[in-house]
Amino acid sequence: EVKLVESGGGLVQAGGSLRLSCAGSGFSFEAYAGGWFREAPGKEREAVSCFSSPSSGDYTYYDDSVKGRFTISRDNAKNTVYLQMNDLKPEDTAVYYCAADPHSCVGATFWGQGAQVTVSS
């Protein structure tokens, strides 16, 4: 059974940092596409950052709104994906979801339960 468990959300002041973790089981992030999405109140879920599966090439996506501030990384030994978020802004407030798929983050098959990130001004 594939499972994704996020941790690391919380409340932070603008300009602060948080690191989200997503521990995977039942599959290997090394062989999958994976990454982070977020859903703010009243808005649709959007992709934040994602890395491709090995079969799809070697690239990492970042939404323009987080480029230079957020960094995605992966620890294959722990089968865990991280999202380091620096210089947080109130507009980053959202529920952040970890996702994984054998092929692509677009239409990802597996999702975590979500982690709330709240940035106060």
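How many bridges join E7 to strand E8, and in which direction do the two run? The legends below, which describe a predicted model, begin with this pair.

**View 1. Strands E7 and E8 pair in an antiparallel manner.** Strand E8 comprises residues 80-85, and six bridges connect E7 to this antiparallel neighbour. One of the residues involved is Phe70, whose bridge partner in E8 is Met85.

**View 2. An open sheet is built from four strands.** The strands follow the order E1-E3-E8-E7, with antiparallel pairing. Strand E1 (3-7) and strand E7 (70-75) each have a single partner strand and stand at the edges, so one side of each lacks a neighbour in the sheet. From one strand to the next, the twist averages 15 degrees.

**View 3. Cys22 and Cys98 form a disulfide.** Two disulfides are found in a search of the whole structure; in the one shown here, the S to S distance between Cys22 and Cys98 is 2.0 Å. The torsion about this S-S bond is about -80 degrees, so the disulfide is left-handed. Cys22 belongs to strand E3 (residues 18-25) and Cys98 to strand E9 (residues 94-101); the pair therefore ties together parts that lie 76 residues apart in sequence. Cys22 is buried, with 0% relative accessibility, and Cys98 is likewise buried, its relative accessible area being 0%.

**View 4. Cys50 and Cys105 form a disulfide.** Here the S to S distance is 1.3 Å. The link of Cys50 and Cys105 is right-handed, with 50 degrees about the S-S bond. Distant parts of the chain are linked by this pair: Cys50 lies in strand E5 (residues 46-51), whereas Cys105 lies in the loop between E9 and strand E10 (110-111), 55 residues apart. Cys50 has a relative accessible area of 7% and is buried; Cys105, at 10% relative accessibility, also counts as buried, because the cut-off for that class is under 20%. When bonded cysteines are counted along the chain, the disulfides follow the pattern 1-3, 2-4.

**View 5. The largest pocket has a lining of nonpolar, polar and charged residues.** The volume of the largest pocket is about 180 Å³. Its lining is made up of Arg38, Ala40, Lys43, Glu44, Glu46, Ser65, Arg69, Glu91, Asp92 and Thr93. Of the lining residues, seven are charged, two are polar and one is nonpolar.

Conventions
Residues are numbered from 1 along each chain as its sequence is written. This is a predicted model: local features need pLDDT of at least 70, side-chain atom pairs count only at pLDDT 80 or more; totals for chains, interfaces and linings use all residues. Side-chain values use heavy atoms; hydrogens and water are left out. On a 1 Å grid over the protein atoms alone, a cavity is a set of points where a 1.4 Å probe fits but cannot get out, and a pocket is an open set with protein on both sides within 12 Å along at least five of seven lines; lining residues have an atom within 4 Å of a point. Grid points are joined across faces, edges and corners, and a volume is the space filled by probe spheres set on the points. Ala, Val, Leu, Ile, Met, Phe, Trp, Tyr, Cys and Pro count as nonpolar, Asp, Glu, Lys and Arg as charged, and the others, Gly among them, as polar. Two strands pair if DSSP finds at least two bridges between them. Axes are lines fitted to C-alpha atoms, for helices over the stretch in contact, and angles run from 0 to 180 degrees between N-to-C directions. A disulfide is a pair of cysteine sulfur atoms within 2.5 Å. Buried means under 20% relative accessible area, exposed over 50%, partly exposed in between (1.4 Å probe, protein chains only).
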